Amino acid sequence: MSVLTLNNQQPIDWAWKVASDNINTTSEAVKSALMDLNKPIYVAKSGQQLGVSQSTCDSSSESVVAFAQALNPEDLGDVEYKKQHGVKYAYHGGAMANGIASVELVIALGKAGLLCSFGAAGLVPDVIEDSIKRIQAELPNGPYAVNLIHAPAEEALERGAVERFLKLGVETVEASAYLGLTEHIVWYRVAGLSENADGSVFIKNKVIAKVSRTEVGRRFMEPAPQKLLDKLLAQGKITAKQAELSQRVPMADDITAEADSGGHTDNRPFLTLLPTIIALRDEIQAQYNFSPALRVGAGGGIGTPEATLAAFNMGAAYIVLGSVNQACIEAGASEHTRKLLAGVEMADVTMAPAADMFEMGVKLQVVKRGTMFAMRANKLYELYVNYDSIESIPASEREKIEKQIFRQNLDDVWSGTVDFFQARDPEMLARTQSSPKRKMALIFRWYLGLSSRWSNIGEKGREMDYQIWAGPSLGAFNSWVKGTYLETYTERKAVDVALHLLKGAAYLQRVNQLKLQGVSLQQSLLNYTPN
Ligand code: FMN
């Protein structure tokens with residue numbers, strides 16, 4: 001088959017001309033032209049064949065029958081996103097709890113003009129503060145973000161996080177796990193508002209809100225609610241002027257529509273969630289006419305150039321990655337985990353109980369290959385649902401979980417749990433006194449909590465219990481990079497990965513442009529391979 005063939009009965013006759021001796025017809029030449037993203041491609045006849053040229057000429061020569069624009073990775077996505085966040089690319093490395101989205105990851109991506117959120121969730125305040133200072137030392141002018149996670153059961157943590165962010169001058173937070181707004185996130189946002197000389201509102205504290213539901217999305221797309229502003233005014237945390245300015249801006253600059261992702265997820269398909277959140281944005285933007293306009297990004301499921309391009313073509317302002325980044329060398333995951341992640345296929349993920357919301361039956365997406373965590377955690381949840389206390393679990397079952405899962409007597413687990421909560425949250429312990437079921441939950445949460453830590457630090461002998469969050473995007477990524485240098489886990493640098501995804505999306509967009517003008521391309525030209 002020819003490298004390029006024209007299917008159109010009536011080819012488009014573009015006004016451009018190319019010199020006959022400047023048309024290349026070989027597969028290698030066409031590939032190299034397609035890869036040369038900085039220059040346009042002109043398809044024209046060369047004898048009986050079709051070929052490509054990357055420049056036009058004024059006189060004579062061949063008519064151009066198809067054209068693809070110059071399209072660089074930095075051209076993708078929303079211009080205002082890049083401007084407001086001071087980044088080169090419309091990309092966001094999503095937060096990954098317990099420092100999996102590590103200081104190193106944030107710095108590496110930031111230095112390359114890619115925004116990434118530090119994974120502050122689950123870390124103690126002093127560690128968060130120290131990490132922010134390390135990031136600020138390397139990226140004094142950004143870009144970087146820090147995760148602000150809503151913790152319904154631990155309000156003090158959320159308040160403390162905002163206090164530190166304001167003190168340290170953190171100018172972008174990725175707000176996640178919110179079910180509605182809290183005074184803390186409103187405080188962060190509104191305390192950073194002032195008026196520019198031209199009367200417009202200056203937003204110092206930027207918010208990227210991650211949502212998977214419209215009702216939560218709406219809260220972040222609208223201005224701050226008066227009730228919470230009044231509370232903050234009464235505490236002297238914001239000024240009357242700031243409260244007034246807050247009514248002219250949305251609560252968040254960016255809304256990430258989080259589809260089926262690693263970790264906490266509603267498992268919504270990206271193809272349905274993104275247009276739904278975009279439609280909501282359009283409705284709210286039309287109502288308020290914010291400037292700059294509200295933006296919607298896409299996260300969950302993105303691990304290939306195809307998915308990247310789909311997101312941008314569906315109107316995403318930027319893309320968000322998580323699972324794929326955990327498998328990169330800068331991530332705060334152990335070597336064992338990163339190696340395992342590099343071999344994960346799309347169907348090697350499943351839902352398992354979440355430590356933080358175990359009692360509510362909340363699940364999150366984890367790896368099920370090379371670790372028995374999901375099976376074991378699901379077993380614990382089943383026992384939790386079926387029995388009212390540790391004492392009512394049949395002896396044979398208890399023995400089994402003590403031997404296989406806890407590797408110690410449950411009484412010993414309980415005394416360790418008591419020590420832990422006495423230091424962290426004594427109220428939680430008090431509540432177990434009247435509720436043996438609650439005590440059982442805390443004992444089971446010992447396993448759920450530690451298993452993540454084991455994965456991050458590479459605890460020897462506990463590999464089969466590693467709790468590793470990941471979504472199907474990782475398997476898709478692994479299939480795409482099979483046979484390339486990125487198949488090797490030690491070669492996965494987050495910047496490389498991000499740039500290949502964006503380059504690949506630009507490449508595919510150019511292929512699509514040619515296809516839409518009736519050009520069929522040889523199979524080997526249809527995909528972008530990282531090398
Ligand atoms: N999102 C948060 O907002 N806070 C977190 O603490 C957090 N932890 C995560 C930990 C891991 C290991 C993973 C894989 C994801 C986590 N996420 C968290 C979600 C990511 O920030 C990102 O939105 C998501 O992974 C994108 O979908 P993907 O997994 O398909 O790439």
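# Loops, a helix, cores and a cavity

Analyst: Asn98 sits in the loop that runs between strand S6 (91-93) and helix H3 (103-111), where helices (H or I, at least four residues) and strands (E, at least two) are DSSP runs numbered from the N terminus. The model is a predicted one, in which local features need pLDDT of at least 70 and side-chain atom pairs count only at pLDDT 80 or more, while totals for chains, interfaces and linings use all residues. Residues are numbered from 1 along each chain as its sequence is written, and side-chain values use heavy atoms, with hydrogens and water left out.

User: Why does Asn98 count as partly exposed?

Analyst: Buried means under 20% relative accessible area and exposed means over 50%, with partly exposed in between (1.4 Å probe, protein chains only). Asn98 has 33% relative accessibility, so it counts as partly exposed. Its phi is also positive, at about 55°, although Asn98 is not a glycine.

User: Is Ala177 buried, exposed or partly exposed, and how do you know?

Analyst: The relative accessible area of Ala177 is 38%, and therefore it is partly exposed. Ala177 belongs to the loop between strand S9 (172-176) and helix H6 (183-190), and its phi, near 70°, is a positive value in a residue other than glycine.

User: What makes Asn72 count as buried?

Analyst: Asn72 counts as buried because its relative accessibility is 18%. The residue lies in the loop between strand S5 (62-68) and helix H2 (79-85). Apart from neighbours within four places in sequence, Asn72 is in contact (heavy atoms within 4.5 Å) with Leu37, Asn38 and Ala506.

User: Why is H20 called largely enclosed by the rest of the structure?

Analyst: Of the 23 residues of H20, 18 are buried, so the helix is largely enclosed.

User: What makes a set of residues a nonpolar core, and which members of the largest one touch the most others?

Analyst: A nonpolar core is a set of buried Ala, Val, Leu, Ile, Met, Phe, Trp, Tyr and Cys residues joined through side-chain atoms within 4.5 Å. The largest core has 167 residues, of which Leu4, Phe165, Ile185, Phe220, Phe406 and Phe444 touch the most other members. H20 gives the largest share of this core, 13 residues. A second, separate core of six residues includes Val18, Ile23, Tyr42 and Val64.

User: What makes a space a cavity, and how many of 30 Å³ or more does the structure hold?

Analyst: On a 1 Å grid over the protein atoms alone, a cavity is a set of points where a 1.4 Å probe fits but cannot get out, and lining residues have an atom within 4 Å of a point. The structure holds one cavity of 30 Å³ or more. The largest cavity is lined by residues including Gln84, Arg248, Ser291 and Pro292. The peptide bond from Ser291 to Pro292 is cis, with omega near -5°, and Pro292 lies in the loop between helix H10 (270-288) and strand S15 (295-299).

Key. 1 Å grid on protein atoms, 1.4 Å probe; cavity = no way out; pocket = protein on both sides within 12 Å on 5 of 7 lines; lining within 4 Å. Points joined across faces, edges and corners; volume = space filled by probe spheres on them.
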